[in-house]
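Here's a walk through a model, written for someone who would rather look at the residues than at a table. Keep the viewer open and follow along.

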Amino acid sequence: MAAGNHSSVTEFILAGLTEHPGLQLPLFFLFLGIYVVTVLGNLVMIMLIGLSSRLHTPMYYFLSSLSFIDLCQSTVITPRMLMSFVTEKNTISYPACMTQLFFFLVFVISESHMLAVMAYDRYVAICNPLLYNVTMSYQLCSCMVVGVYIMGLTGATAHTGCMLRVLFCKADVINHYLCDLFPLLELSCSSTYINEVVVLCFSTFNILTPILTILGSYIFIISSILHIRSTEGRSKAFSTCSSHISAVAIFYGSAAFMYLQPSSVSSMDQGKVSSVFYTIIVPMLNPLIYSLRNKDVKIAFNKFLEKRCFL
């Protein structure tokens, strides 16, 4: 029997972020503005890194990949969320819901591992600067990026495959602004034990493994920074790390709050608020905290503007 025939529900209703009528229009313009900034910021980063030879280094190669992930993740989620603010009943078909779930998981898992890859890149740059170009070769960087996407696709396929086996009967209102795992499992009228085990196992791996990689990298980074005699050198190194640590804390903190707990004790209203950070806010902040404050990026951006003015 086809997976889709297991469910008598042909479409879902997305409840959205809030049901308060007075907040719908302000939130629409707020998140529309965030989406515009996210798209423009990440597109500019991808374009600058591609056009500027100054930025053709492993660090910016990873940043361009992160910008691509953020751009895609935001596009998968935000347009549908905006609809919930201006429509009386924001419906989504069963196939469209499963498709959104799949691509959302692909990009959120990929981002988790990309942050770890970027931390490792900074570890090599600070702790082994003389071997940086040899260690972070084009082949290794390409393999790491491909590996990130493979892990995203593997996790998304496992979760979505299990979700297709779930029976959805009468309840069709998803208490969320997107098709996410736990809100969908709450609507199930069949056993979700296997789904919850898969969620716990994959979420633990996709959160704890990158976190341990990041922590390990930063332990060595901090140790190396403390051995720098120059106060200016220490300050520069710490300022570079602080931006990455801030984004990592927001992303992993909100993701862990959402996923590393049983659905029975998880509040969906709290989950919606926490998921806003790692699905919508972080993709907007990443171009700013990683790149637009960077001196090399500013120089590349100014040169690009100068060329445009002379045309």
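A quick word on terms: helices (H or I, at least four residues) and strands (E, at least two) are DSSP runs, numbered from the N terminus. This is a predicted model, where local features need pLDDT of at least 70, side-chain atom pairs count only at pLDDT 80 or more, and totals for chains, interfaces and linings use all residues. Residues are numbered from 1 along each chain as its sequence is written, and side-chain values use heavy atoms, with hydrogens and water left out.

## The overall picture

The protein chain has 10 helices and 3 strands. Read from the N terminus, the order is β-α-α-β-α-α-α-β-α-α-α-α-α. Of the 311 residues, 48% are buried (buried means under 20% relative accessible area, exposed over 50%, partly exposed in between, with a 1.4 Å probe and protein chains only). Contact here means heavy atoms within 4.5 Å. Taking contacts between residues at least 6 apart in sequence, 80% join residues at least 24 apart.

Confidence comes as pLDDT, the predictor's score for each residue from 0 to 100. The chain averages 85, and 89% of the residues score at least 70. Helix α5 (residues 138-163) has the highest confidence at 95, while helix α8 (residues 231-259) has the lowest, with a mean of 73. Over residues 1-5 the pLDDT is below 50, and this stretch has 4 contacts in the model beyond near neighbours in sequence. Where pLDDT is low, the predicted coordinates should not be read in detail.

## Annotated transmembrane regions

An unreviewed UniProt entry lists "transmembrane region" for residues 27-48, 60-79, 91-109, 130-151, 197-221, 241-261 and 273-292. UniProt positions are given in the numbering used here, feature names are shortened, and annotations may be inferred rather than shown by experiment.

Two of those spans can be checked against the model. Residues 60-79 are 100% helix and 0% strand, with the end C-alpha atoms 28 Å apart. Residues 197-221 also come out as 100% helix and 0% strand, and here the end C-alpha atoms are 35 Å apart.

The 3 strands make an open sheet in the order β2-β1-β3, with mixed pairing (two strands pair if DSSP finds at least two bridges between them). At the edges sit β2 (91-93) and β3 (173-174), each pairing on one side only. Helix α3 (residues 94-127) packs on the sheet and touches β1, β2 and β3, and its direction makes about 85° with that of β2. Axes are lines fitted to C-alpha atoms, for helices over the stretch in contact, and angles run from 0 to 180 degrees between N-to-C directions.

Strand β1 (residues 11-14) pairs with β2 in the antiparallel sense over 3 bridges. Ile 13 has Thr 91 as its bridge partner in β2, and Glu 11 has Ser 93. On the other pairing, β1 and β3 run parallel and are joined by 2 bridges, with Leu 14 opposite Ile 174 in β3.

## A buried cysteine

Where does Cys 179 sit? Its place is in the loop between β3 and α6 (181-185). Cys 179 is buried, with a relative accessible area of 0%. Among the residues that Cys 179 touches are Leu 14, Ile 92, Cys 97 and Ile 174. Ile 92 is 87 residues away along the chain, yet the C-alpha atoms of Cys 179 and Ile 92 are separated by 9.1 Å.

## Aromatic pairs

Rings of Phe, Tyr and Trp (its six-membered ring) pair if their centres lie within 6.5 Å; planes under 30 degrees apart count as stacked, over 60 as edge-to-face and the rest as tilted. The whole structure has 10 aromatic pairs. Phe 102 and Phe 103 are edge-to-face because their planes are at 85°, with ring centres 5.2 Å apart. Phe 103 is partly exposed, at a relative accessible area of 38%.

Tyr 123 and Phe 220 form a tilted pair, 5.7 Å centre to centre and with 55° between the planes. This pair links distant parts of the chain, since Tyr 123 is in helix α3 and Phe 220 in helix α7 (residues 193-226), 97 residues apart. Phe 12, Tyr 94 and Phe 168 are linked into a cluster by ring pairs.

Notes
Lists of a residue's contacts leave out its neighbours within four places in sequence.
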